[in-house]
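Please look over the model below before reading on. My notes follow as numbered points.

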Amino acid sequence: MTSHSDLRRIPPQRPMRPVGQTLPKTANPILQIMPLLIVMYSILLLPIEVKFVVGGLNLYAYRIAIFIALPLLIYIAPRRTGKLNRVDMLVAVGCAWMMISFVQLYGPNEGLVRSMAIVLDTFGGYLVARGSISTLNDLRRVLVLIIPGLIFAAALFAFESLSGQLVVRPFFGSIFGSAISYEGGAAQGNLNLLYETRLGFLRAYSVFSFPILGGVILSSLLPLYLMSGIRPRVALVGAVASSAAFFSLSSATFIALAMGVSMVLFDRFLPLLRPLRWPLIVAGIAFYGLLAEIALKSGIVGVVGRLTLNPATAYIRRMQWKFGGETVMDNPLFGIGFAIYDKPSWLTDAIDAHFLFLALRFGLIPPVLFAIAVASVVFTLGRSTTFLSQTDRNFVISLNIMLAILVLVSMTVTFYSEANVFFMIAIGVSASCMTTVSQMRGRPVPIHGLWQRGDYAGQEQTPQAQLRTRSSH
């Protein structure tokens, strides 16, 4: 009779191959994820002061990284990511419409030039992530290998906030010059760093364009480290570094951290709360969100806004949605580009809502397509959890939590510069994981490495292990 310990000794089975077909050589797993590592390290190490101007295009560190990473994908991606999926098409069409809308607003030459940088950040970030990740283990390796960069950005967050001095961006500014401030798509001088104190601490920038953007990037990684299935000590380091998002001292960051931790804990205790399941919970949240939008004058944005540290900024955000939404309805197809939306003179020109910002600049088509892409990824990943091993199921749930955090925060934050690239990376890696988990039923592909927790944890398990996992549920 086979015991539980005997089953653990069964070696992972090799995938069968048809007669006459040779198996391809296994590529270097680090080389496969190198494009994404390059872009992530450019985000975590270098601020926007690090830039070069070529042909009127500002090449920030993350844009240079995308230019370096994209040629690698020509070799890597076709062999690993397979055919285009529906999310790829939605994102591609949305980015193409960005260019079309600017051509319509500014003419062919100026429109293409003005839209080039935005599309490069948006579609380039997505392509790098989509082409670098083909399995859940690829993403686990990325989480492990970016930890040095994550520690660097987190340590600067904590040091600047506690010391009351901004360090890294003034240092790079002394070498490359100050960052440029833009209004209406045109340079308007140097960007001044703000020294703002909240809760007795300085709002730190670290390497990021603005405190809130760095806080969102770090905090959205927290659920991935908590549920990744990598070695506990490595995951703990990643989680602690992600928690340094606190020093952005932003309400959106606090919401993101609280949301990430609470959803991870809720998922952990979900087996004790039968018959509650994530589909039922999501449906309930959607219902009450719709009810709040209809019944409350301020809607969902007002509910989220009440959680902010500064009530004045919450009111401004509601007014941005009100007047910005009216402008979108007047220009639904192509938006208004870099023009200022119709508003009272006392209301700021800025828009603190990512999807509203996209709708104003490019029309409704790009934000709607991106929203459908995110919803499609979340739905497919959630549905796949029924046939995954427990370790992989937890990791997939953490991807959905990350996307939920980014979407909720996007209602009061505009993702620009490196944050926009990171947002598209999050969609891209999730889309790749969506594809791989859809193909994992009955197709185990074990991978060994120092990063995993336990003997076979974090791998697509063997049939024996899958059977044991399912029977334990």
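**Notes on the fold**

1. Start with the strands. β1 (residues 51-54) and β2 pair in the antiparallel sense over 4 bridges. Pairing requires that DSSP finds at least two bridges between two strands. Within this pair, Val-53 has Asn-58 of β2 as its bridge partner.

2. Both faces of β2 (residues 57-60) are covered. Leu-57 and Leu-59 are buried on one side, and Asn-58 and Tyr-60 are buried on the other. Buried means under 20% relative accessible area, exposed means over 50%, and partly exposed lies in between (1.4 Å probe, protein chains only). In a regular strand, side chains alternate between the two faces of the sheet.

3. A word on provenance. This is a predicted model: local features need pLDDT of at least 70, side-chain atom pairs count only at pLDDT 80 or more, and totals for chains, interfaces and linings use all residues. Residues are numbered from 1 along each chain as its sequence is written, and side-chain values use heavy atoms, with hydrogens and water left out.

4. Overall make-up. The protein chain has 19 helices and 6 strands. These are DSSP runs, numbered from the N terminus: helices are H or I with at least four residues, strands are E with at least two. Of the 473 residues in the protein chain, 52% are buried. Take the contacts with a separation of 6 or more: residues 24 or more positions apart account for 77% of them. Contact means heavy atoms within 4.5 Å.

5. Ile-64 sits in helix α3 (residues 61-80). Is Ile-64 buried, partly exposed or exposed? Ile-64 counts as partly exposed because its relative accessibility is 26%. Not counting residues up to four places away in sequence, Ile-64 touches Phe-52 and Leu-59. Ile-38 is 26 residues from Ile-64 in sequence, and the C-alpha to C-alpha distance is 9.7 Å.

6. Now the cores. A nonpolar core is a set of buried Ala, Val, Leu, Ile, Met, Phe, Trp, Tyr and Cys residues joined through side-chain atoms within 4.5 Å. The largest has 107 residues. Leu-36, Val-39, Val-87, Phe-208, Tyr-225 and Ile-425 have the most contacts inside it. Helix α18 gives the most to this core, with 13 residues. Apart from it lies another core, of 11 residues, including Ile-336, Tyr-341, Leu-347 and Ile-351.

7. Leaving aside neighbours within four places in sequence, Val-39 is in contact with Ala-65, Ile-66, Ala-69, Val-128, Val-421 and Ile-425.

8. Helix packing. The axes of α5 (residues 108-132) and α18 (residues 418-438) come within 7 Å and cross at roughly 30 degrees. Axes are lines fitted to C-alpha atoms, for helices over the stretch in contact, and angles run from 0 to 180 degrees between N-to-C directions. On the α5 side, the contact residues include Ile-118, Asp-121 and Tyr-126. Among those of α18 are Val-421, Met-424 and Ile-425.

9. Two loop residues to check. Leu-199 is not a glycine, yet has a positive phi of about 55 degrees. Leu-199 is in the loop between β5 (197-198) and β6 (201-202). With 55% relative accessibility, Leu-199 counts as exposed. Ser-417, also a residue other than glycine, has a positive phi near 55 degrees. Ser-417 lies in the loop between α17 (390-409) and α18. Ser-417 counts as buried, because its relative accessibility is 17%.
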